[in-house]
Amino acid sequence: MIKYTNYLTTTYGQPEGWKLPAYEKLCHGYDTARKVLTTMTREAVVDEAKKANLRGRGGAGFPMGVKWSFMRPHPTKPAYLVVNADEGEPGTHKDRTIMEKNPHSVVEGCLIACYGIGAHVAYIYVRDELHLAKRRLEEAIAEARARGFVGKTPFGSSYPVEVYVHTGAGAYICGEETSMLNSLEGKRGEPRLKPPFPAQAGSFGCPTTVNNLETIAAVPTMFNLGCDAFSKMSALHDMKDGGVRLFGVNGHVKKPQIIELAVGVTIREMIYDIGGGVLGDKDVLAVIPGGSSTPILRPQETVHAPDEKNPMHPWHGKSVFDVPLGVDTMRGVGTMLGTCCVTVMAEGTDPVLAFQNLMQFYKHESCGQCTPCREGSGWLDRTLKKILAGKASMKELDDLSDIASNIMGNTICAFGEGTAMPAMGFLQKFRPELEAYVRGEKKGKDARLTVSFEASEQAAE
Amino acid sequence: MPTFKLDDKTIPFEPGDTIIQAAHKQGIEIPHYCWHPGLSIAANCRMCLVEILPAKDQRPLTLDILEWDPVAKDYRAVKKPKLQPACQFAATENMEVLSDLSDHVKKARAAVQEFLLLNHPVDCPICDQAGECKLQDYWLEHQKTQKRMLDEPVHKPKAVSFGPTIVYDAERCVMCTRCIRFFDEVAHDPVLDMRERGNLNEIFVAPGRQLDNKYTYMADWVCPVGALTTKDFRFKARVWFLRSVKSVCQGCATGCNTYLDYDSRFNRTYRYRPRENEAVNKYWMCDDGMVSYKAAHEDRVLEPRVEGKTSSLGVALEAAKKKLDGVPRDSIAIVYSAQHSLEDNWALRELGKTLIETDRAFWSGAPDGYEDKILIHKDKNPNTAGVKQLVESAKPFSALVEGLASGAIKHVIALGGATPSTKEEADAAATALGKAETINTNPTHHGALTQAAAIVLPASSWAEASGTYVNFKGIRQQSDKAIESQGSSKPAWQQIGLLARALGYEASWTKLRDIRTRLSGLGEGNAPVHTTITDPHSTEAP
Ligand SMILES: Cc1cc2nc3c(=O)[nH]c(=O)nc-3n(C[C@H](O)[C@H](O)[C@H](O)COP(=O)(O)O)c2cc1C
Ligand code: SF4
Ligand code: SF4
Ligand code: FES
């Protein structure tokens, strides 16, 4: 069910929508933070936040309020908020739009979040390539500081908050939260061992909350509407997956875009209503629901949940494309919601080339710290290249599932699963296509990731 | 002590111990590359994965994986338990851990092995690590399959000089980061790091720096594979031809425990390997110590000498008798050596105190030198504390120089070849020693005392004779004989026995055992005889 909302995206497309005047006019600019910092206690903020049922927007879908509640005041150490704007997941570019078009929501979100978790400093870790995003954030912070919102006494309160932008160096792995903390500290961007978790020992060894940028940007809206009301806008409120969020659709659709909707939209709606349908009105070959790490879904797959107690039972027998996009619903169909940015592949796309393309990405981005990921990602990519080149044996194809299974769960960070799970998805769902290459029935040079369509259809927008 | 179960064994542990640590203390090895008992935890190799059975009220953590069924020609979705690294996972009371008994663990180990060897050059025939390499050992224990990836492996830099002592081979490196951590955490010289990403990773030396500090040899010993080797040992020997004895480094008063590796076919020492001893050197040794295995063959005194001329033992003993017969006993000084074992010094004490009955006792040794806060002691003698225990009245060497200068002392019966004189003092010492009518010494090596001696009876070095040494902490440690005595050298305690007899005394000792039984009471209470504390796998590096 599509429910259009316009909280975070009100300023999108407005003249100078990224500046403070627009934010004040359109988004109750900083009134929410003022109210929170001057009238609420820290504990009340966290309790209220829990009611929003906001599932982290960074990919893992961890409940944000619960994460905030892990923060315990430390006798000697300060606490930090670190905002994850590394956005490197292929197929995902939602955070970038917020930074470019509504940066003040991030700054205001930082104020409230810092107050809630007991931090006085927020670092926003931005992927290096996003130059406009960094500039807009810096400008927004400067505007907010000039007005006294950010600084020693925000809104006249005695709760100082500073917000800094920190630039990454363009490594996907630095989006993994502990890797990001290392990078923030000037170290090599390698994930840390857990425990300790960031809430125990995060940046500079101090208690830290890491949240995705969209998670933080949603905070003013949440508190403005009331967190319970915010949650209830979602069709999956009962599954504790609340609120509104940015949905993305990209790939072979007529209208790729980022749009704000209440949680509850299905993949089919994303393709046809939001995305305007498949390019050239072709059939859908498959969909990657939320960034490259989430296993691929095919239109012919259906939900199997005959047991009434199964939370997926309401969709029993239905196509997976008709299941609302949610953290637990996507888990229920064997994939993940991830970043909620749907990548659509039209019929005609070569799934083997797509598979190899993804594995090349993982091979290139593995930090190389732990053995199974370092070597396994390279091995997967190498074998797929051989398959495409018609040089692989059936035995080598058979081995692929074993390589992926040997990575799965055996690594330091979730990058390993992020590689193995999509690999297993492609294997399970595109075995005949892979075999066709091994048998020489298909040739790598003919493989395409783009699909051809009539120019007139492109202009359908 | 709380316990947990590892396979079918009950393992006690101290709160805070990881699974691998607790097992290690019991002498049980869980396969590992990156874990080292003396370094921080990296948990990157994933070789130590174990299965932890869920507690009664806990749901097992499982993962979905895929298996290809060649008969059904389809994939089968299966579940496996989430394994945990034993090097990182803390032991808890009554926890049940499966290691060798879990098929999932076996599969994970084989997989890690296969991954590690995927791009490995398998140049074992020209690798110095061959025969003591974890990759080889674990292949045999945990993998035993042929390579599935038959394409050209990833190539990386080979034979990169990291500094004056160490060579790096990136293709053999398993990226365990032990070397990085060692130089950071133990040597306090963080010059190594990792660069690149994914399977192009390599270890490198900080730009503008070299791997050049007092602990570079440890790079070879923390590295579980043949990626870091010493220029000294490179291409010198195949390790399976080498034999080892438990030895004690003679370089300073720390007395680091070590294995002395030698080839009996050539009667040569080849290298030292640090030997674990929590109370002394932990797992480490310094570079000066590591190269001092060479001392068995360098600068040695191997033939008896009389008045500077090489002679036979009989002639030398005869000369000693002639010179010392009938001289007043208080004109004879006995000079003990902090460079010699308790046994050697005991024999000298027997001769000096009991037989000749002179009270003039002094001690000698090498001069002080460099020290640090890690291992290196400024006292460059292995047995200063032992000599002090044995002959409390022994006076410093400067007192001997005075005695000789004043003419009160005319004859010297000494052990060792070195004097503790600094360069400035050396001339005064030489003049004084030159005044002596007789100097008789049993040195292993050349030195000021050897130079000045009229009669030289060559002594076996520590490599050629078993001996006991007391380090600066008062810990008594035994060092075993490796090679056979070279030239005409004999253990000094034996030479002294011969000298005693030549001088007409009845020496009560003929065997090392005679001395050891009489030494056993010495320093008891505060000086335990103490070769190794934890040494579960006698010759294996951690
Ligand atoms: C390999 C990898 C890459 C990741 N990249 C990002 C990223 O670019 N942005 C992000 O917000 N989270 C990313 N994450 C998830 C973060 O680790 C973390 O869960 C998230 O930032 C927490 O924020 P949230 O709770 O608000 O979702 C990544 C995780 C992994 C394992
Ligand atoms: S799983 Fe991959 S990315 Fe994560 S720590 Fe290991 S090597 Fe690095
Ligand atoms: S050189 Fe040796 S110790 Fe260093 S990372 Fe490589 S394998 Fe480990
Ligand atoms: S020994 Fe545990 S991961 Fe390397």
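**Salt bridges and the A/B interface in a predicted model**

Q: At what relative accessibility does Lys481(B) count as partly exposed?
A: Partly exposed covers the range between the buried limit of under 20% and the exposed limit of over 50%. Lys481(B) falls in that range, with a relative accessibility of 34%.

Q: Which residue forms a salt bridge with Lys481(B)?
A: The closest N and O atoms of this pair are 2.9 Å apart, and the cut-off is 4 Å, so the pair counts as a salt bridge.

Q: Are Lys94(A) and Asp95(A) buried or exposed?
A: Lys94(A) and Asp95(A) pair up in a salt bridge, with 2.8 Å between the closest N and O atoms. As for accessibility, both Lys94(A) and Asp95(A) are buried.

Q: How many residues apart are Glu162(A) and Arg145(A)?
A: Glu162(A) and Arg145(A) make a salt bridge, its closest N and O atoms lying 2.8 Å from each other. Glu162(A) sits in strand E3 and Arg145(A) in helix H7, so to speak distant parts of the chain, and the separation is 17 residues.

Q: Which side chain of opposite charge is nearest to Glu433(A)?
A: Glu433(A) belongs to helix H18 of chain A, residues 431-438. Glu433(A) is buried yet lacks a salt bridge.

Q: What area do chain A and chain B bury between them?
A: Start with the contacts: 45 residues of chain A meet 42 residues of chain B. Carbon and sulfur atoms hold 51% of the buried area. The total the two chains bury between them is about 3700 Å².

Q: Which residues in chain A lose the most area to chain B?
A: Three residues together make up 18% of what the chain A side buries. They are Trp379(A), Arg382(A) and Asn410(A).

Q: How many salt bridges does the rule find across the interface of chain A and chain B?
A: Side chains of opposite charge can pair when their charged atoms come close. One such pair is Asp402(A) with Lys107(B), at 2.8 Å from N to O. Both belong to a salt-bridge network that also takes in Lys395(A), Asp399(A), Glu114(B) and Arg148(B). Across the whole interface, the salt bridges number five.

Q: Which helix gives the most to the side of chain A that touches chain B?
A: Polar contacts link 28 residue pairs across this interface. On the chain A side, H14, H15, H16, H17 and H18 each supply at least two residues. The top contributor gives 11 residues, and that is H16(A).

Q: How many charged residues has the side of chain A that touches chain B?
A: Sorting this side by class gives 14 nonpolar and 15 polar residues. The charged residues come to 16.

Q: What share of the residues of chain B count as buried?
A: Chain B has 14 helices and 24 strands, and its C-alpha atoms fill a box of roughly 100 × 50 × 40 Å. Of its contacts with a separation of 6 or more, 69% join residues 24 or more positions apart. Out of 542 residues, the buried share is 56%.

Note on methods. Residues are numbered from 1 along each chain as its sequence is written. Chains are lettered from A and ligands numbered from 1 in the order in which they are written. This is a predicted model: local features need pLDDT of at least 70, side-chain atom pairs count only at pLDDT 80 or more; totals for chains, interfaces and linings use all residues. Side-chain values use heavy atoms; hydrogens and water are left out. Helices (H or I, at least four residues) and strands (E, at least two) are DSSP runs, numbered from the N terminus. Buried means under 20% relative accessible area, exposed over 50%, partly exposed in between (1.4 Å probe, protein chains only). Lys and Arg count as positive and Asp and Glu as negative; His and the chain ends are not counted. Contact means heavy atoms within 4.5 Å. Buried area is the accessible area (1.4 Å probe) that two parts lose on being put together, summed over both. A polar contact is a pair of N or O atoms within 3.5 Å; within protein, one must be able to donate a hydrogen and the other to accept it, and residues adjacent in sequence count only if both atoms are side-chain atoms. Ala, Val, Leu, Ile, Met, Phe, Trp, Tyr, Cys and Pro count as nonpolar, Asp, Glu, Lys and Arg as charged, and the others, Gly among them, as polar.
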